[in-house]
Amino acid sequence: MAEKPKVLVVYGYHSDEEFAIDVGRSLERNPIDGVIVREFEGEPDYAGGRVKWWEPRLNRFIKRFCPQKCAVILHNEAIPIKYTSQQLDKLRKRFPDLAPIALWYYSKYEIPERINWAIVEHARAHFRYVSYLPISGYYFMPKGCDWLTIEYFPYTCSLKQVEALNHIRGLVRLLVTI
Ligand SMILES: [Zn+2]
């Protein structure tokens, strides 16, 4: 690799999350300056069926690429496809404010306001509501590289792949510049 990327996007960390994998693959096929997109290799961080929340394998994978600013990890909701359309309708009625995309921005340090604002502004300018949660002081984080976890909700919120793709393309372009 000639130059360290500013942003790394990881997809396929959970191999059954097909929606997020498709978004990641589309992104990989259409490169953006300063961004590299890679499919996760190896086993996810499970321990006896439970997720290790500090995710050491994911951490190691990210370190291989040394992103200078941020690693973005793509997920989608684990709701099995076996839900009937009536069950999904019921869920949507019960939780009408569910956002189709949720973002968690983790940093070891205090997150600068300009980063929070840029992410919020981008979300606002976007087609629909996006839920955003900045989490600073997360001391397990590798030095100098923040994490942005993205969870897509294609089933409960009928998020379309093209919408998710437009959103992530805009977001990573933003992350490269801020
Ligand atoms: Zn996942």
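Two strands are taken to pair if DSSP finds at least two bridges between them. Strands (E, at least two residues) and helices (H or I, at least four) are DSSP runs, numbered from the N terminus. With those terms in hand, Ile101 is found opposite Tyr152 in strand 8. The model is a predicted one, in which local features need pLDDT of at least 70 and side-chain atom pairs count only at pLDDT 80 or more, while totals for chains, interfaces and linings use all residues. Residue numbers start from 1 along each chain as its sequence is written.

Strand 6 (residues 101–106) and strand 8 (residues 146–152) are joined by six bridges in the antiparallel sense. Both belong to an open sheet of six strands, ordered 2-1-5-8-6-7, with mixed pairing. Strand 2 and strand 7 (130–135) form the edges, each pairing on one side only. From one strand to the next, the twist averages 20°, with angles running from 0 to 180 degrees between N-to-C directions and axes being lines fitted to C-alpha atoms, for helices over the stretch in contact.

Helix 2 (residues 56–65) packs on this sheet and touches strand 1 (7–11), strand 2 and strand 5 (70–76); contact here requires C-beta atoms, placed from the backbone, within 7 Å. The direction of helix 2 makes about 140° with that of strand 1. Helix 4 (residues 113–125), for its part, lies across strand 6 and strand 7 and runs at about 170° to strand 7.

And what of the loop between strand 2 (35–39) and strand 3 (46–47)? Glu41 lies in that loop. The C-alpha atoms of Glu41 and Tyr13 are 7.6 Å apart in space, although the two residues are 28 apart in sequence.

Note on methods. Two residues are in contact if their C-beta atoms, placed from the backbone, lie within 7 Å.
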